[in-house]
Amino acid sequence: MTAIEKNPLLSTGRLPAFSEIRPEHTEPALDYLLSEARTTVEVLSESKGEHHWDSLAKPLEDLDERLSRAWSPISHLHAVADTTQLREAYNTCLPKLSEHIVELTQNERLFEGYTSIANGAQFGTLSQAQQKSVQNAVRDFKLAGVELDAARKRRFKSVAARLSELSSKFTENVLDATQGWKKHITNPEELSGLPSSTRELARDIAKREGLDGWVFTLEAPCYVPVITYADDAALRYEMYEASTTRSSDQGPDAGHWDNSDVIDEILTLRHEKATLLGFNNFAEFSLATKMARNTDEVLTFLNNLVRRAKPVAESDLDELKQYVAEFHAVEHLDAWDIPYYSEKLREHCYQITQEELRPYFPIDRVLDGLFVVANHLFGLTIKRVPGADVWNPQVDLYSIHDADGELRGEFYLDLYARPHKRGGAWMGECVARKRDGDEVQTPVAFVVCNFTPPVGGKPAQLTHDEVSTLFHEFGHALHHILTLVDYSSVAGINGVAWDAVELPSQLMENWCWEPQTIALISSHQETGETLPAALFERALKARNFQAGMKMIRQLEFALFDFRLHLEELPRHDGRVQEILARVRRDVAVVHPPSFNRFAHSFSHIFGGGYAAGYYSYLWSEVLSCDAFSLFEETGVFERKTGLNFLRSVLEQGGTRDAMDLFIEFRGREPSIEALLRYSGINREANRERDA
Ligand code: ZN
């Protein structure tokens, strides 16, 4: 075999061979696939006359699919097992890949080909999935500048390539800044208030670094407990400052890994990209592929929620202020005090802490329970696949079979925080579903979380928040895996409008609040006892604690992101902070200190795909809450409703508009009331329900 044939990234095996993939395989595999793609595209561009699905769309789908099968393990490893060599290889490849995509989507002959399919006599005979795939392609060609003149096209191309570099740079800066700061503590008195799991984690980190005592990092499993529980205000301040100034011109690492210029250039180029295509701003460009119809609709939606949530947030804050004045003799609350005293107030009102619940949620029990829920609702059987080839010993592979015993797909589960792994939780596509004749390629997903790793040799235990995150990402995985669409461009989450894509994930979160589920997912680490009803009652009551403040924070992020991409400010150093200040003036109830640079690590919008789309979380929460209200009406574990959701939404992928799918499931258009009720903003409705 030649070197290229031995390249594991080109393997046609069902699953990637992670143990064989090396950074040096990256570039040759990509070069090989790109040259193959170039040849195919040349042949397709030269063929004359009217095109149909098999002559154009199919070969291009296959091409795209081959490329993403090779690229997805690379970009995944870049996210979860980043080494200097892999990062270098990734960054060498990225511009080549972006260039290929831009060249492909700016190819006029291919565009004409797709247009001829869309307008051709055969179009009506294509399946719904094929039609949607063609329509999306025509739209995407236009959004990629295919109709621009040669000079503008060149400019568009270099803007797109630069934007992809910048977003990668942004993410790297955040990762480096997060890992570049550590707090070493040797005096145990400074740990006062911290839960034992956090202390053990910090001790493990210290050991790893060859140090005595405890080491705290800015990663969530360290940072969140410190800001929530540490009695030492100086420690909280120190970590708050370090965290909220990451990758910026402020704080302990001011100027290191600074994203200021990166952000500025990203905003300028996004605006240019949008205006080249004839949009007034990047927000309009973003909405061209979303469920929301125009920028006014988004602003009205968000401002309407602000109007409903702000008075609730204000009363939340007043309650907190009164409490600290009365019980802690504190007159002034700083930003780094709010999570700490909020947790104290929560304990005071509900006698419950996140940490208290941890021993009841050992990971194996939670997973087993989650799989039983999936069985009740959708008839699925989920099992661990022994001996799978994975990238880290902490990772497992699971298979999903349906009620007929048919393999629907698989997913990798990578649960714990560790060095060189990007923070947060997400679901990613490893293999997409497609059909070739009788042969079906079943989908494979990556489910990634950053939970507190097992410490002191005990199995990992989750907080209820972490349980909820797991249900959420699992919901995304179901959407990706359970699709029955045969064309990968509109299978699973592909082709689903961004602001509707959180529907299945947010929907699944609801089940971890059901008493029946709690009985399935909880089992005390030592006693084996399920979560006692009284404790669960208190957790349930605490669920909507500070609901107003929580929603206002989401609205602040969403409006900041949207207005940042909508309002044009003259380019100057402080423009990002200026828009942030305006949004906060209109929305916020808590005003952070002037050194706070949260935008500099806001990876969703600068490093990920949420630009002018962060509102999607709230938008699809409207959908998910309203969808869950149907389960409530019919019985939350009612298989018939589960199967209705499976068939109307999960199996459909991106073949039809999100609104149509929602109406098919719910029987009507979405209403905002369920969100207001579940999130505790409409307190009247909750009182009625509790009564
Ligand atoms: Zn999500």
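Student: Where is H479 found, and what makes it count as buried or exposed?

Tutor: H479 is found in helix α17, residues 464–481, where helices are DSSP runs of H or I with at least four residues, strands are runs of E with at least two, and both are numbered from the N terminus. Buried means under 20% relative accessible area, exposed means over 50%, and partly exposed lies in between, with a 1.4 Å probe and protein chains only; H479 has 2% relative accessibility, so it counts as buried. The model is a predicted one, in which local features need pLDDT of at least 70 and side-chain atom pairs count only at pLDDT 80 or more, while totals for chains, interfaces and linings use all residues. Residues are numbered from 1 along each chain as its sequence is written, and side-chain values use heavy atoms, with hydrogens and water left out.

Student: Which residues is H479 in contact with, leaving aside its neighbours within four places in sequence?

Tutor: Contact means heavy atoms within 4.5 Å, and with those neighbours left aside H479 is in contact with G492, I493, V496, V501, P504, V649 and L650.

Student: Which atoms coordinate the zinc ion, and what makes the arrangement irregular?

Tutor: Donors are N, O and S atoms within 2.8 Å of the metal (3.2 Å for Na, K and Ca), and sites may look incomplete because water is not among the atoms. Four donors count as tetrahedral if all angles lie between 85 and 135 degrees; four count as square planar, and six as octahedral, if opposite donors are over 155 degrees apart and all others between 65 and 115, and anything else is irregular. Here the four donor atoms subtend angles of 51 to 141°, which makes the arrangement irregular. Along the chain the donors follow the spacing H-x3-H-x25-E; H472 and H476 both lie in helix α17, four residues apart, about one turn of the helix, and both are buried.

Student: How do you know that L94 is buried, and what is it in contact with?

Tutor: L94 is found in helix α4, residues 84–105, and its relative accessibility is 12%, so L94 counts as buried. Leaving aside neighbours within four places in sequence, L94 is in contact with W71, S164 and S168.

Student: What is the phi of S247 and of Q351, and how does each count by accessibility?

Tutor: Most residues other than glycine have a negative phi. The phi of S247 is positive, near 55°, and Q351, which is not a glycine either, has a positive phi of about 50°. S247 lies in the loop between α10 (233–244) and α11 (260–276), and with a relative accessible area of 2% it is buried. Q351 is in the loop between α14 (338–350) and α15 (354–357), and at 45% relative accessibility it counts as partly exposed.

Student: Why are both faces of strand β2 called covered?

Tutor: In a regular strand the side chains alternate between the two faces of the sheet. In β2, residues 214–217, W214 and F216 on one side and V215 and T217 on the other are all buried. Two strands pair if DSSP finds at least two bridges between them, and β1 (residues 182–185) pairs with β2 in the antiparallel sense over four bridges, with T217 as the bridge partner of K182.
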